[in-house]
Amino acid sequence: MDTMADTRSIFAVNLAPAPVKVAARDVSVFYGEKQALHGVDLDIPANQVTALIGPSGCGKSTFLRCINRMNDTIPAARVSGAITLDDVDIYGPEIDVVELRARVGMVFQKPNPFPKSIFENVAYGPRIHGMARTRGDLESIVASSLRRAGLWNEVKDRLREPGTGLSGGQQQRLCIARAIATRPEVLLMDEPASALDPIATSVIEELIDELRTNYTIVIVTHSMQQAARVSQRTAFFHLGRLVEEGATADIFSNPREKQTEDYITGKIG
Amino acid sequence: MTPDVAEPAEVALRAPAEIAALRRRRYAAERRLRLAGIAAISLALGLLGLLVVTLVVGGWPAFTQTKVRVDFPVERALVDPADPAAGNFRKVVQLGVAGLFPEATTPQELRAAGKILTPGTQFLLRNAVIADPSLVGRTLTLKVPAADPYDQLAKGLVDRATPEDRRRLSDADIARFDRLVAEGRVSRPFNTALFVNPDSRFPETAGLAGAMVGSALALLVCFALSFPVGIATAIYLEEFARKNRTSDVIEVNINNLAAVPSIVFGLLGLAVFIQTFGLPRSAPLVGGMVLALMTLPTIIIVTRNALRAVPPSIREAGFGVGASRHQVVLHHVLPLALPGILTGTIIGLAQALGETAPLLLVGMNAFLTSTPGGLTEAATALPTQIFLWADSPERGFVSRTSAAILVLLGFLIVMNGVAVLLRRRLERTW
């Protein structure tokens with residue numbers, strides 16, 4: 001697999017310790033009676049891509065959704081422990097969840113653009129947060145977000161057309177543009193390429209690598225190759241527990257835990 | 001860890017021929033099910049067809065009205081051009097009838113001849129002269145609706161072979177009418193009175209205008225009350241309320257409310273709206289309020305279903321960019337649910353349009369010869385008008401009842417058509 005060689009070269013320049021952006025301490029999540037996550041401790045470094053891997057139902061998506069408090073929208077979900085963003089507890093009483101979600105953007109598994117125009121999709125976030133003072137400002141936010149998401153050249157002449165008319169890969173990049181339009185610091189991605197074909201997937205992966213310079217990225221993925229290609233750090237979840245976490249190169253070449261090795265070599269999962 | 005997949009030796013599998021027979025039986029069962037379905041649909045369509053055909057055949061005659069052309073001498077001695085409303089139009093009608101039958105000299109003969117015209121003729125004349133006072137002193141030629149028995153005769157609904165003493169019209173009556181036909185004075189144009197006149201004791205001048213306006217006013221009240229309240233309730237229950245015992249109780253009761261017989265709502269309207277609140281009886285306001293109570297559960301249920309049908313990914317997308325709950329609902333969920341909500345609402349209103357029992361209890365079945373001018377004036381509605389006409393002894397009302405049912409069905413079809421059209425127009429894919 002030649003991509004492995006690529007990632008190794010990326011790690012070579014990225015091994016310097018980065019400041020911690022998001023820190024989870026003893027995070028447990030309950031859905032009603034069922035405990036989905038057991039005491040997770042994890043540091044997510046700034047301006048790096050952290051991949052969460054593990055078999056289905058292992059709690060990696062649940063953990064991801066704790067970081068922007070999306071679990072709040074599920075009535076039966078309960079979160080214990082602490083998660084800090086820049087050393088501030090995001091579950092603290094002074095945190096406004098609406099503002100938090102502007103700072104921690106999210107991209108979902110299935111591309112889910114609003115059934116509105118491409119422009120409106122990207123403009124929606126800045127508009128509800130009142131970020132732009134004038135129409136011109138709003139337009140420049142939309143343009144720069146679409147540029148950063150690598151979609152500008154494909155859609156600049158049809159901003160008024162519905163976002164749902166784009167191809168799957170374009171829709172997902174539109175969703176990334178929508179997420180970064182609110183100028184977030186952290187970008188959460190829940191299997192962003194699992195519904196896409198290989199070409200669209202590689203476009204998204206390249207985009208993730210570019211976005212890393214501006215954002216801290218946490219990505220949930222089923223594909224270990226993808227984790228190896230795009231991430232600098234990897235955390236392996238199994239049965240609701242964080243089994244192992246470390247630099248991606250170490251996890252894939254030299255896992256400490258037997259479970260991790262079994263998963264990476266395809267024995268469980 | 002590999003399970004033992006080897007077949008136990010003693011299992012005797014069915015022979016291929018036996019399995020094939022089983023498969024044939026499966027296909028036969030499928031065919032039977034399909035045939036049963038087709039039979040059921042045919043039966044339903046057949047009955048519906050029978051109903052519509054019966055209504056059309058029965059109601060057809062009511063869409064035309066026999067009219068007699070009469071020349072009325074509006075003499076100055078009888079009508080004062082300065083005050084035409086006070087004129088002696090009965091005498092004018094008598095003169096007109098006498099002109100039709102110069103050979104009739106006795107008062108009895110003239111009176112019998114006068115019965116060819118609707119008893120309302122003098123009012124038709126008066127209205128025409130009030131509208132145009134310059135007619136005084138001239139001869140006014142009017143096409144006057146024939147009275148019901150003659151209308152039936154002209155439409156061939158009276159069997160001339162019946163013995164004279166068992167008919168409403170004597171041989172002399174029929175002879176007089178036949179003479180008018182021979183003179184070319186009798187015509188049968190489209191019955192516009194059915195749509196522009198209010199109710200009347202005489203079938204030939206009775207119309208549905210009052211009932212249609214009454215129904216429209218009641219539906220307006222019903223919509224204005226049930227649409228906002230229903231949608232607000234559904235949004236609260238679906239998007240904001242915590243799921244607990246209280247919300248369960250509310251949910252069960254809304255579903256129960258949808259199953260309450262409509263006459264109970266009528267009683268409630270009578271006891272609460274009329275007795276306690278002192279609102280006027282027979283008013284479209286009260287009728288609409290009662291219908292709103294009935295429509296409310298329907299609207300709540302369809303709205304909740306429409307909200308639930310919006311994919312969760314849209315909500316997540318909204319929450320994901322930091323929209324608050326009300327923004328997610330108002331900006332994303334509600335617009336997507338709107339086609340379903342509107343369709344359900346229109347179907348709920350169509351149901352309310354056809355509802356009779358609660359209107360009977362709040363008095364919207366009064367006999368009224370004027371079109372209601374407002375929400376608090378006495379009015380009837382289409383279904384109660386049908387009820388009234390079906391109860392009337394005059395033969396002309398038989399066909400008019402069917403015609404009124406056809407009009408009501410027409411409105412229902414139009415409303416359901418609008419619902420389908422709206423859904424097609426507004427439905428968006430995502």
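Strand 3 (residues 49–53) and strand 9 (residues 233–238) of chain A run parallel and are joined by four bridges. Helices (H or I, at least four residues) and strands (E, at least two) are DSSP runs, numbered from the N terminus. Strands count as paired if DSSP finds at least two bridges between them. Within strand 9 of chain A, A:Phe236 stands opposite A:Ile53.

The model is predicted: local features need pLDDT of at least 70, side-chain atom pairs count only at pLDDT 80 or more, and totals for chains, interfaces and linings use all residues. Residues are numbered from 1 along each chain as its sequence is written, while chains are lettered from A and ligands numbered from 1 in the order in which they are written.

Chain A holds 11 helices and 10 strands. Six strands of chain A form an open sheet with mixed pairing, in the order 6-7-8-3-9-10. Strand 6 (104–107) and strand 10 (241–247) of chain A stand at the edges; each has a single partner strand, so one side of each lacks a neighbour in the sheet. Neighbouring strands of this sheet are turned by 15° against each other on average, direction ignored. Helix 7 (residues 168–180) of chain A packs on the sheet and touches strand 6 and strand 7 (186–190) of chain A. The direction of helix 7 makes about 170° with that of strand 6 of chain A. Axes are lines fitted to C-alpha atoms, for helices over the stretch in contact, and angles run from 0 to 180 degrees between N-to-C directions.

Helix 2 (residues 60–67) of chain A is mostly covered, with eight of its eight residues buried. A residue is buried if 20 or more other C-beta atoms, placed from the backbone, lie within 10 Å of its own. Among the buried residues of helix 2 of chain A are A:Lys60, A:Phe63 and A:Arg65. Just after this helix, A:Arg69 takes a positive phi of about 55°. Of the 269 residues of chain A, 45% count as buried.

The C-alpha trace of chain A spans about 55 × 45 × 35 Å along its principal axes.

Chain B meets chain A through 18 residues, in contact with 21 residues of chain A. Contact requires C-beta atoms, placed from the backbone, within 7 Å. On the side of chain B that touches chain A, helix 12 (312–320) and helix 13 (325–353) of chain B are the elements giving two or more residues. Helix 12 of chain B gives the most, with six residues.

Methods: Two residues are in contact if their C-beta atoms, placed from the backbone, lie within 7 Å. A residue is buried if 20 or more other C-beta atoms lie within 10 Å of its own, exposed if 12 or fewer, and partly exposed in between; C-beta atoms are placed from the backbone.
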